[in-house]
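User: Hi! I'm new to this one and could use a quick tour. Can you walk me through it?

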Amino acid sequence: MKNAPPFLSQRSVSRRSALLGGLGAALSVPFLSSCAGFDTSGAAAGKGTVGFLSTQFTPVEEKQRYEDVLRKTLNVPVAYNSVDPGVFTSTVQTQTEAGSVRTALLGGLHGELAPLADSLEDVDQILRDLSGSGFTQEVLDLTKVGGTTSKYVPWMQATYVVAVNKKALEWLPGGVDVNDLTYEGFLEWAQAAKQGAGRPVFGMPAGPKGLHHRFYQGFLLPSFTGGQITTFRNSDAVMAWEYMKDLWDATAPASTNFDAMQEPLARGEVLVAWDHVARLVGAPADNPDEWLMVPAPRGPKGRGYMLIVAGVALPKNGLERERAEQAIRGLAEPTTQIETLRSNAFFPVVQTELPTDLAGAIALEAAAVRLQQRSAGALLALPPVGLGPKEGEVSQIFKNCFQEICLNGSAVQPTLDDQAKQLNTILQELKVPCWAPDPVSAGEKCEVA
Amino acid sequence: MTTTRIVDTPPARPAVDEAPLKRQRRNRALLQAACILISLFMLVPIYLISLAALSTRESLNEFPLSLLPTNLSFETLRAFLGSTGIIGAFGNSLIVGLGTLLISALIGVPAGYALARFAFPAKEPYQLFLLFTRALPIVVLSVPLARLFLTVDLYDTTYAVILLHTALALPTTILISASVFLSVPIDVEEAARVFGCTPAGAFLKVVLPMALPGLAAASIFTFVMSWNEVLGASILTLDHRTLPAQVLTSLSDSPLAYRFAGGFALVIPSIIFIAFMRRYLTNMWGSTIR
């Protein structure tokens, strides 16, 4: 640094010319290139490409695989663009408000499409044409999103099951059937495994992006109370949360970092875990013989299970309408549905026989899903219906209960009373009817009893 | 023998107080140690990301993780770079970064010069007001902007993102360049005028070269800000995304191996840019921070 001044003066000319060169280059790159940027979704393939904006299959590999499925099974070119749900909502809303819609097809979970219902075209005609496909009545009811006309066409569905590494079977208590677990048996097993392995080997997706609130909403509470909202703070719910507290004691504490259980399962850090089928499928991918997939446990009021439905919708005044409709019809074809299952572990919404040559992990899941839906006492629960943008807040209330009761050790009843108050504040504002498994009666608004 | 040796030593030597020298040496050693520590603080995460990005997927599941590159593989990185739109998005990010740099320099440097050289009414409130754009969350800004761009047909172009990023970068560009120009003595500019330079000539030939290091620092802020900005870019574009907007959602849901590969791909270009701008930056401490 001591000889900096002469150095500096010698270099100043070349530095200036370097800067000028740099500026020139910078000038030429953005402004001499006639295009307004490079295409990143395949939409530039030409006019007639269906721009498909979706919240599903965001992970790199899933997206690549799904693009292959679309390319193979649809006879229209589709540019698949997967985004974060927040960006999805604001993109659709802004485009509608500005009166300039730049998408042709929208795909999302029921809970993501429902709040956008005003921006979506009615699809009753398409559903009538597809009536032979065998959509179930429950799913068709969902597509009405609280109104009288259908706003989306069912696209695919998923649920949650329990993945079991066969190593954990050695601690399975006598008299407990792994394919017909009860919540009691599940807890005994978790405790025995914790003792046997010297560390907790059961896991929960209780991380920041984990889906553990769905466990309380769709599995634990329905199984113990028979409801989700109306029974939120009754004595059965207290029992359910007391149970959850015990289960948490036998669960790996690192669970608060787990978003998708397939990774800790594949690492062997966790041996038994409940999660979304698409978030479990990676665990047994390499060695399906060492794994089991079993239905979620059943409780005193039945085997509560949650169904996740995704749909495809047409934005009002969207681009390429004709081809987009063609794409929707293509998506409802059994071959497309099966290919989606094969590649990304989302299940068909249409009536179709599953092929026998599914990959190991998916075959395991398919069997578990079927067992779960058809078992005696199966109790269907839906993710909140008609809450729109408030859905996140309702989910947060279930997460808060977990936080308070299991992590902070608060007393159960006061916590539930407290959270019920907040839940009712949200629900009273919305005035929506209840959804399964709570008693559904149109016109009556849902709230915690 | 011993006596002769004592006699040989110059009598002046014991009189020298070596304490300051030792202190200086110790301070230098401490300084070096501190430099090494700070460098490690920056380099270790980059090393770990590179290591994980270039490892096989299986080796990431091993415990404990090896800290040496034993399982080198370009498979994940190749799969990541090969996925749809990554190369295009990379190009878009570059266009947006350089475009933002250019426009914010074209607007911000003259504004900074004016702030540094001229006194005008409401100068202080103006400086404060400049920071106001940064006080608003990007979501609040970008949703109305998206509507505006939709109506004027700029939506889903890199120009839209350049404009947003320029607006976001201007406050820092203006304030940094103002402080840079303040440190260039006004005397040299006047001297240039005395020797026959036009005002523009004096600025270009005398002030600008002296201010260059500081302006380079400002440009690093601008470029890195634009390179890292996700939310605005993902709301303003659909099929022409920048790299972070294209990959961030997908990465947060992807398996660990991809997150590292993506992180690696995102970090490297800005490191290259900073390494390039560093040549101009190193003199900054001499010229601006006195």
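Predicted model: local features only at pLDDT ≥ 70, side-chain atom pairs only at ≥ 80, totals over all residues.

User: Great. What is the average pLDDT of chain A?

Analyst: Chain A averages 86, and 91% of the residues score at least 70.

User: Which elements of chain A have the lowest and highest mean pLDDT?

Analyst: Helix H1 (residues 4-32) of chain A has the lowest, at 57, while helix H9 (residues 235-249) of chain A has the highest, at 95. Over residues 1-12 of chain A the pLDDT is below 50, and that stretch has four contacts in the model beyond near neighbours in sequence.

User: New topic: is strand E3 of chain A buried or exposed?

Analyst: Strand E3 (residues 105-109) of chain A is largely enclosed by the rest of the structure, because five of its five residues are buried.

User: And what does E3(A) pair with?

Analyst: Strand E1 (residues 50-54) of chain A runs parallel to E3(A), joined by three bridges. There, A:Leu53 stands opposite A:Leu106. E3(A) also pairs with strand E8 (residues 303-313) of chain A, in the antiparallel sense over four bridges. In that pairing, A:Gly107 faces A:Val312.

User: Nice. How many residues of chain B are in contact with chain A?

Analyst: 45 residues of chain B are in contact with 45 residues of chain A. Several helices of chain B each supply at least two residues to that side, including H5 (86-117) and H14 (256-281). H5(B) gives the most, with ten residues.

User: What classes of residue make up that side of chain B?

Analyst: The side of chain B that touches chain A has 21 nonpolar, 19 polar and five charged residues.

Technical notes: Residues numbered from 1 in each chain as written. Chains lettered and ligands numbered in written order. Contact = placed C-beta atoms within 7 Å. Nonpolar A, V, L, I, M, F, W, Y, C, P; charged D, E, K, R; others polar. Buried ≥ 20, exposed ≤ 12 C-beta atoms within 10 Å, placed from the backbone. Pairing = 2+ DSSP bridges. pLDDT = per-residue confidence, 0-100.
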